[in-house]
Amino acid sequence: MSRVTIPIGPQHPALKEPERFMVTVEGETIVDADVRIGHIHRGMEKLFEQRTYMQNIHITERICGICSFTHSTNFCQATEYILGVEPPRRGLYLRTLMNEFERIHSHLLWLGVAGHEMGFDTLLMWSWDDRERILDLFEDITGNRVTHAYNTVGGVRRDITDAQAQRILHTMDILEERTKAYIQVGLNEQTILKRTQGVGILTTADAKRLCAVGPRLRASNVKYDVRKNDPYAAYGELPFEVITSDTLDVHGQLVVRALELLETVNMCRYMIKNLPTGDIRVKVPRKVPPGEAISRTEAPRGEDIHYLRSNGTDKPERLKVRAPTMANILNVAHTLKGANIADIPLIVAGIDPCMGCMDRVLILDRDKETSKVMTKDQLREYSIAWYEKEAYR
Amino acid sequence: MLENVVKWSRVKSPWVCHFNSGSCNGCDIEIIAALMPRFDAERFGVVLKGTPRHADVLLCTGPVTGQMKDRLLKIYEQMPEPKFVIAFGECGCSGAVYTGCYNVEGGIDKVIPVDAYIPGCPPKPEAILDGVVKLLTAFKESE
């Protein structure tokens, strides 16, 4: 059978950022996949060197609008390591609380996107509606829905009141109920089972070899979570389990994320009930002495690493960011090999790419010298239609 | 007569194409959030389209990176007349926090003509609806 190369990207309709996949297919089966990234390269690492530490807190938030809080936590932590400053316990608890809120909002967002890709738009509407509840809490506590400006070097900026704590507990009750419903749907709904089981399999050995991170790694049955293995902020004091799945496929990722939601809800409750009293931040000097530090956090998508080097001025000398999607892109290129064209949207969405793009697909037939441009929507419809006629699955 | 019908339908149901020219995703998820049950932009006839060939309005986010500049121009040229461009978010309006980055143009209007600006980092979903309504009102009252 003749080989056909399909470029996917870089323009896109939904919430993903520009990115390009070159996929070579034989019939319906993908034999090779290559990734090209860098469409939204803005040169931020150079910008960090021209701004002060205070300004950089806000710029690190804008590395990514979905995991904004994780990036600013990471930057503040790295700066605190160099300064030798330990934030007060209440500050650390509030920082951890916000990190967990972000996990809830990101996992619900992923659940909706995955539902959309498999043609289950009802799930998209449900989970994004529940996501608004957590955004309301964000707005209540930090003043903004997406970029919070809540973190600062040496703690957090705002305290929470008792009334806010009650509102958080109330929202957690609703979210727990909803999450249990999603777990039921995820484990029993035929639409989900048929589209996700056995799709995008990444074996444990491959996951380790390709340095997968986050839910993708845990769905490949590797018990690794920065929150547990290298506790930061207040995670060392919180009771929680690291969720893994041994199914290795996209369904495993769905189960891992759904069960993590439940763990996160319990962690938030624990934090509110055991919130220490005292200050929320300590004053830190504007200038940071020479030194270097590496900070790691568990973003909703996986391990996020910041490397910071200071030179004694009020501006950093170097800040290197390794975002989780960067680590996961490699295993997507690997997982796509041997999969169906119809499974591309789901496998790529599976890692929850922070920059992923599936809009324009150009199908080129080298032998016949014909080409056909497909939009992402057409590809999605094609994949749904293709599965509908596959009765044996 | 026919022109009036076309104009009426365009005002009643604007089809929007969303294009990310290098933003941080914050604006993009707020655009999707505007279409979800809480805000439900579709009740005003706003439909998000994947292809620019079907769209009336290009909702553009991001400060325009070097790689996306040519693609933004291509997408703009593919849209049928009359076409409108909304610069969405602070960095789409002026570059904002990315001012000084070596790989950004610093705003959508440096590359293509822009009809409306929605500031905010990111703007709330209500702001999207407000911006679209203001743009269409201006279009309705023109000529």
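Which residues does Ile82(A) touch, not counting residues up to four places away in sequence? Select Val288(A), Pro289(A), Gly291(A), Glu292(A), Ala293(A), Leu308(A) and Ser310(A). Contact means heavy atoms within 4.5 Å.

This is a predicted model, where local features need pLDDT of at least 70, side-chain atom pairs count only at pLDDT 80 or more, and totals for chains, interfaces and linings use all residues. Residues are numbered from 1 along each chain as its sequence is written, chains are lettered from A and ligands numbered from 1 in the order in which they are written, and side-chain values use heavy atoms, without hydrogens and water.

Stay on Ile82(A). It lies in helix 3 of chain A; helices are DSSP runs (H or I, at least four residues) and strands are too (E, at least two), numbered from the N terminus. At 14% relative accessibility, Ile82(A) is buried (under 20% relative accessible area, 1.4 Å probe, protein chains only).

Next, show helix 2 (residues 53-61) and helix 3 (residues 68-83) of chain A. They pack at about 150 degrees, with axes 7 Å apart. Axes are lines fitted to C-alpha atoms, for helices over the stretch in contact, and angles run from 0 to 180 degrees between N-to-C directions. The two helices are therefore roughly antiparallel (over 145 degrees). Select the contact residues, among them Tyr53(A) and Ile57(A) of helix 2 and Phe75(A) of helix 3.

Move to chain B. Five strands form an open parallel sheet, in the order 2-1-3-4-5; strands pair if DSSP finds at least two bridges between them. The twist averages 30 degrees from one strand to the next. Finish on Val57(B), which stands opposite Phe84(B) in strand 4 of chain B.

Notes:
Parallel < 35°, antiparallel > 145°, perpendicular 65-115°, else oblique. Buried < 20%, exposed > 50% of the residue type's maximum accessible area, 1.4 Å probe, protein only.
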